[in-house]
Amino acid sequence: MATDRRRFLECMGWAGTGLVWSMAGGTASSVLLAPGQALAKPATPFSFVQVSDSHIGFTKDPNPDARVTFREAVAHIKALPNKPAFILHTGDVSQLSKPAEYDDADQILKEAGLPVFHVPGEHDMLDEGQGKAFLDRYGKDANGKVQGDGWYSFDHSGVHFVGLVNVKQLKAGGMGHLGDDQLAWLKQDLAARSASTPIVVFTHIPLWTLYPEWGWGTDDSAQALGLLARFGSVTVLNGHIHQVIQKTEGHVAFHTARSTAFPQPAPGQAAGPGPLKVPAGQLRDALGVRTVSLVRSGQPLAVVDQSLA
Amino acid sequence: MRLFLTALAAASLSFASAQAAPAPVTVKIENFTFNAQTITVAPGTTVTWLNDDDIPHTVVAADNKAFRSKVLDTGDKFTFTFASPGTYDYYCSIHPHMTGKVVVKGS
């Protein structure tokens, strides 16, 4: 940070003489132009958006129609000053895994005009096939194949993205679960990556034990985090608990996201984790969208949460 | 005549079993808990789970075999009759920290 500040002050001296400023995720960065040089392509800064827990089909207090607020979230994304590269949806697309709910969600998301990557939430496991409807729609990789329960990875601008599924094979008395097959796949997927590759893991239920009394954690997350330990920058994005909670552990930054449908109580602050019934005028303060930016190679990703208010 | 006797026998059988059937029991699902968490019933008891939460739940035997409800939205019910004695652990397959137990015991 000291270096950045020094650089910032140095740059100030050049103001107006061939210096280009750009803002991303609330952090300033600059590119110095040599005489006669066109604007060099930056290291590969880019941004993407996370939305979560759209619960299309939810019509109860405090949100009579989750489609309306999801549409507002998409409008928010469209209005972002820097166009994001894509959208991650971290699960609970639907309330009850019904085809009409997925249809509505898709139609609303389409308005953003961006690629979307999905991982399922437990609400997307409620069809007769226990998640088959979700997998058929969203679980296919670039080759049109479903891998395991729908986990996959992809690369964008030097960042490795891993979508994990922790809402299948749940056991009585447990929390979220990854399972041995997925962990074996993850090990193999990460094996070829250099430790300097920034990693973004996105999944539905928190990958750290946030509040076991309400099932807010993943039984075998320690094994996944063990596989990620050698990487210099790991960002874990999840949903499920409908509120922003962040934590850093070594090189791993955990960020749980707001829902676009309804808030849930802070851990232990209610009899159960059901929808928090906020007054209509306050609902949009509690809903939101997250923008994640790679500002500069080698630095942690900048994570900015914005409400729909 | 034989047909008549068979019908009569079947009628009296079903009458007898209806009379002997223990009173049904209801388990409410509220605030992400099964209430009561443990119930003890006689063989033949019909248990009904009623979802009183504004979030969907399921009722699934811990062995994933004995019984499995469809998803229960608010106000939905699931009914299962416990014929044989035993201890039946169950959970909500979408919120697995929610667990309950049905103990079926002969008198």
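I started with helix α2 (residues 66-78) and helix α3 (residues 99-110) of chain A, whose axes come within 9 Å and cross at roughly 25°. Axes here are lines fitted to C-alpha atoms, for helices over the stretch in contact, and angles run from 0 to 180 degrees between N-to-C directions. α2(A) and α3(A) are therefore roughly parallel to each other (under 35 degrees counts as that).

Before going on, I noted that this is a predicted model, where local features need pLDDT of at least 70, side-chain atom pairs count only at pLDDT 80 or more, and totals for chains, interfaces and linings use all residues. Residues are numbered from 1 along each chain as its sequence is written, and chains are lettered from A and ligands numbered from 1 in the order in which they are written.

Which residues in α2(A) and α3(A) meet? I found A:R67, A:F70, A:R71 and A:V74 in α2(A) against A:D104, A:A105, A:I108 and A:L109 in α3(A) (in contact means C-beta atoms, placed from the backbone, within 7 Å). By class I got 5 nonpolar, no polar and 3 charged residues in this contact (Ala, Val, Leu, Ile, Met, Phe, Trp, Tyr, Cys and Pro are nonpolar, Asp, Glu, Lys and Arg charged, the others, Gly among them, polar).

Next I zoomed out: chain A has 6 helices and 13 strands (DSSP runs, H or I of at least four residues for helices, E of at least two for strands).

Last, I checked the contact of the chains: 18 residues come from chain A and 18 from chain B. The side of chain A touching chain B has 10 nonpolar, 5 polar and 3 charged residues.

Note on methods. Angles under 35 degrees count as roughly parallel, over 145 as roughly antiparallel, 65 to 115 as roughly perpendicular and the rest as oblique. Two residues are in contact if their C-beta atoms, placed from the backbone, lie within 7 Å.
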